[in-house]
Structure formats: C-alpha cells, structure tokens
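This briefing describes selected helices and strands, together with their packing. The structure is shown first, and the notes follow by topic.

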Amino acid sequence: MAARPTRPAHPDRPLRTGTDRRSLPLTAAPGAVARGREFTRLALRAWGWLPAPDAEARAAAEDVLLMTSELVTNACQHAAGPYLLELTRHGPLLRVAVSDADERLPVLRPLRVPARPGGYGLRVVDRLATAWGSEPVAGGGKTVWLEVVRPPAEP
C-alpha cells in the first residue's frame with residue numbers, strides 16, 4: 001500500500017466570490033460511504049440544492065448523492081480506501097472529488113452481462129455527470145472527480 005500523499009489543507013471557507021469548498025477526511029473504516037453521502041447531503045442543503053424546489057432539481061440532487069456514493073465505494077473496493085472527499089461549488093457548478101492512495105487511474109469498463117452484479121459505478125457516473133475524470137496526486141495516489149450543473153429553477 002502506498003503512503004498517503006500530503007495535500008494542502010482546504011478549510012471550509014470561500015475561495016473566491018461564489019465559490020465554496022468543503023472537505024471530509026475519510027478512512028477505509030466501515031461507514032465511509034454513508035459518511036460521505038451524509039456530508040454531501042448537508043452541503044447540498046447549505047448550498048440550496050435541498051430541499052429541491054421541483055422534480056428536476058430533486059433528481060439532480062439525488063444523482064449527486066448516488067454518484068458521490070459510487071466514487072467513495074470505488075475507492076473502498078478498488079483502492080486502499082478513500083482518504084478525502086472534497087465538494088466544491090462555484091455558482092451552479094458542483095465538483096465532487098474523492099482521493100485515495102492507489103495510483104491506478106479508473107477505467108470505464110465495457111458493458112457487462114446485466115445479471116452480473118458490480119462494475120457499474122463509473123458507468124453510472126459517466127451517464128449522470130456533466131464531466132468526470134481522474135488525475136494523479138503529487139506524492140502518489142489519485143483523485144477521481146465529477147462535475148454536475150444545477151438545473152435552473154422552474155418558473
């Protein structure tokens with residue numbers, strides 16, 4: 001197992017006008033997925049995504065929670081476990097990033113037999129996110145991220 005890379009601290013404070021970042025340190029201990037999902041739910045509430053004003057906004061918030069769960073789950077299952085979940089909001093754009101100490105970048109697997117469990121997490125992210133990707137972290141490990149845009153409120 002690779003050592004956890006050092007990263008600059010990103011306190012929960014505004015970065016620039018209209019931009020906020022929230023960070024949750026995670027470990028591979030049981031409950032990382034649930035903690036990440038609840039942390040994301042609280043951030044979505046603070047940023048006005050929840051409670052959602054309409055069905056489209058509610059679906060977008062639920063998609064964010066699902067995709068966050070998928071990224072944290074993938075780090076738990078395919079790496080040594082996540083060590084950091086970061087949520088960054090800039091206006092309607094939301095970026096979810098999960099960092100782990102494994103240097104192997106994720107690969108979108110080919111479609112599998114539908115009756116077989118597993119292997120669909122990144123496919124879900126690929127379909128629901130506006131964009132997603134991964135990048136190496138200086139000192140080792142990687143960050144897998146996704147971005148979504150909050151739908152405009154219905155008139």
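**Helix α2 and its surroundings**

Helix α2 (residues 55–78) has 24 residues and spans 34 Å from its first C-alpha to its last, close to the 34 Å expected at 1.5 Å a residue, where the expected span is 1.5 Å times one less than the number of residues. The model is predicted: local features need pLDDT of at least 70, side-chain atom pairs count only at pLDDT 80 or more, and totals for chains, interfaces and linings use all residues. Residues are numbered from 1 along each chain as its sequence is written, and side-chain values use heavy atoms, with hydrogens and water left out. Helices (H or I, at least four residues) and strands (E, at least two) are DSSP runs, numbered from the N terminus.

**Helix α2**
- D54 caps the N-terminal end of α2, with a side-chain oxygen 3.2 Å from the backbone nitrogen of E56.
- Among the buried residues of α2 are A57, V64, L65, M67, S69 and L71; buried means under 20% relative accessible area, exposed over 50% and partly exposed in between (1.4 Å probe, protein chains only).
- The buried residues of α2 pack against α1, β3, β4 (93–100), α3 (121–128) and β6 (142–149).

**R37 in helix α1**
- R37 belongs to helix α1 (residues 32–46) and is partly exposed, at 29% relative accessible area.
- Beyond its neighbours within four places in sequence, R37 is in contact (heavy atoms within 4.5 Å) with L65, L66 and S69.
- A C-alpha separation of 9.3 Å relates R37 to M67, 30 residues apart along the chain.

**Strands β2 and β3**
- Strand β2 (residues 19–25) is largely enclosed by the rest of the structure, because five of its seven residues are buried.
- β2 and strand β3 (residues 82–90) run antiparallel and are joined by seven bridges; two strands pair if DSSP finds at least two bridges between them.
- R22 stands opposite L87 in β3.

Methods. A polar contact is a pair of N or O atoms within 3.5 Å; within protein, one must be able to donate a hydrogen and the other to accept it, and residues adjacent in sequence count only if both atoms are side-chain atoms.
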